[in-house]
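My notes are below, in the order I looked.

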Amino acid sequence: MRKYVSTENLLRGMGEDVLQAAKAALAKGAEEVVAEAKSRCPVYKGKDRRVTPGALRDSIHAEKKKSGTFYRISAGAQAQDGTAYGKLVEFSPKINKPFLYPALDARRDGIRRGIVEAVKAALRRNHS
């Protein structure tokens, strides 16, 4: 039976600087997804006074989890009545304006490449 080894432990086993390089590349990738999502986010142009135009776009952010190896990208804007409308815009078939998942899809391969390159560079530094 194979023992599960987390990615974090695997990278740490290659050296603490390798783990830190991977975390830095991941953080950069998270910020790239945030920028991409903001560029894709629709800005409300309606007449509903409960909604502030641009608030959804401005609420998009990356939140680092405890370990630093996971990020949550979210858009937490709320209307004045407390309605969290980021989920409505992203998932409602009536509105049909997803912006978070398409941003992640657009940046996924580049993030992977960035992490791989950061790990390779750290390994080269360790073995020079």
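These entries go from the whole chain down to single residues.

**Ground rules.** I'm working from a predicted model, where local features need pLDDT of at least 70, side-chain atom pairs count only at pLDDT 80 or more, and totals for chains, interfaces and linings use all residues. Residues are numbered from 1 along each chain as its sequence is written, and side-chain values use heavy atoms, with hydrogens and water left out.

**Confidence.** I checked pLDDT, the predictor's confidence in each residue from 0 to 100. The mean for the protein chain is 90, and 97% of its residues reach 70 or more.

**Layout.** I took helices (H or I, at least four residues) and strands (E, at least two) as DSSP runs, numbered from the N terminus. The protein chain has five helices and two strands, and they run α-α-α-β-β-α-α from the N terminus on. The radius of gyration of the protein chain is 19 Å, well over the 14 Å that the globule rule gives for 128 residues, so the chain is more spread out than a compact globule. For the record, that radius is taken over C-alpha atoms, and the rule is 2.2 Å times the number of residues to the power 0.38. Along the principal axes, the C-alpha atoms fill a box of roughly 60 × 30 × 20 Å.

**Burial.** I call a residue buried under 20% relative accessible area, exposed over 50%, and partly exposed in between (1.4 Å probe, protein chains only). Of the 128 residues of the protein chain, 30% count as buried.

**Cores.** Next I looked for nonpolar cores: sets of buried Ala, Val, Leu, Ile, Met, Phe, Trp, Tyr and Cys residues joined through side-chain atoms within 4.5 Å. The largest has 16 residues, and A37, L56 and Y85 are among those with the most contacts inside it. Helices α2 (16-40), α4 (85-91) and α5 (100-126) each supply at least two residues of this core. Another core, of nine residues, lies apart from it and includes L11, V18, A25 and V119.

**Two residues up close.** Which residues does A37 contact, leaving aside neighbours within four places in sequence? I get I60, F99, L100 and A103, with contact meaning heavy atoms within 4.5 Å. Then I went to S74, in strand β2 (residues 71-75). S74 has a relative accessible area of 19%, so it counts as buried. Not counting residues up to four places away, S74 touches S59, I60, H61 and L100.
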